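These are my notebook entries on one protein chain. I looked up a few residues and then turned to the chain as a whole.

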Amino acid sequence: MCVGANDDPVPSGQCCVSTSNRNFVGRQGQGAMTHLASSAVVAASAIAGTIATPDMIGASA
């Protein structure tokens, strides 16, 4: 997610992984938690369905 300015913010109490270069309270949605990460970690997390590192994805293949 980038800024959550569209009609699809992160629901309250949920978390997301973002490649944004900064974060502030409510950026991706009110009550949402954002973890800032590299592009590689975000891509691995999207594949895994949970926060993951690229080496975690390679190990499961």
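This is a predicted model: local features need pLDDT of at least 70, side-chain atom pairs count only at pLDDT 80 or more; totals for chains, interfaces and linings use all residues.

**Entry 1**

I located Gln28 in the loop between strand S1, residues 15-18, and strand S2, residues 33-36. Which side chain does the side chain of Gln28 contact? I found a polar contact with the side chain of Thr34, at 2.8 Å.

I then looked up the partner. Thr34 belongs to strand S2. Its relative accessibility is 16%, and therefore Thr34 also counts as buried, because the cut-off for a buried residue is under 20%.

**Entry 2: Gly13**

Next I turned to Gly13, which lies in the segment before S1. With a relative accessibility of 53%, Gly13 counts as exposed, because the limit for that class is over 50%. I noted which residues Gly13 touches beyond four places away in sequence: they are Gly31 and Ala32. Gly13 and Ala32 are 19 residues apart along the chain, yet I read a separation of 5.2 Å between their C-alpha atoms.

**Entry 3: the cysteines**

How many disulfides does the structure hold? I counted 0. Cys15 is in no disulfide, and the nearest cysteine sulfur, that of Cys16, lies 7.1 Å away. A disulfide is a covalent bond between the sulfur atoms of two cysteines. Cys15 is partly exposed, at 42% relative accessible area, whereas Cys16 is buried, at 10%.

**Entry 4: helix H1**

I then examined helix H1, residues 39-48, and listed its buried residues as Val41, Ala44 and Ser45. These cover an arc of only 100° around the axis, so they are on the same side of H1. An α-helix has 3.6 residues a turn, so residues three or four places apart point the same way. The face turned away from the buried side carries the exposed residues Ser39, Ala46 and Ile47. Just after H1, I noted that Gly49 takes a positive phi of about 80°.

**Entry 5: Thr53**

Where does Thr53 lie? I placed it in the loop between H1 and helix H2, residues 54-60. Thr53 is partly exposed, with a relative accessible area of 29%. Its side chain makes a polar contact with the side chain of Asp55, at 2.3 Å. Thr53 and Ala40 are 13 residues apart in sequence, and I read 7.4 Å between their C-alpha atoms.

**Entry 6: the whole chain**

I counted 2 helices and 2 strands, and their order from the N terminus is β-β-α-α. Of the 61 residues, 23% are buried. The chain exposes about 4,100 Å², with 57% of that area supplied by carbon and sulfur atoms. Taking contacts between residues at least 6 apart in sequence, I noted that 15% join residues at least 24 apart.

Technical notes. Residues are numbered from 1 along each chain as its sequence is written. Side-chain values use heavy atoms; hydrogens and water are left out. Helices (H or I, at least four residues) and strands (E, at least two) are DSSP runs, numbered from the N terminus. Buried means under 20% relative accessible area, exposed over 50%, partly exposed in between (1.4 Å probe, protein chains only). Contact means heavy atoms within 4.5 Å. Accessible areas come from the Shrake-Rupley method with a 1.4 Å probe; for residues, only the protein chains shown count as cover. A polar contact is a pair of N or O atoms within 3.5 Å; within protein, one must be able to donate a hydrogen and the other to accept it, and residues adjacent in sequence count only if both atoms are side-chain atoms. The arc is that of the directions from the helix axis to the C-beta atoms. A disulfide is a pair of cysteine sulfur atoms within 2.5 Å.
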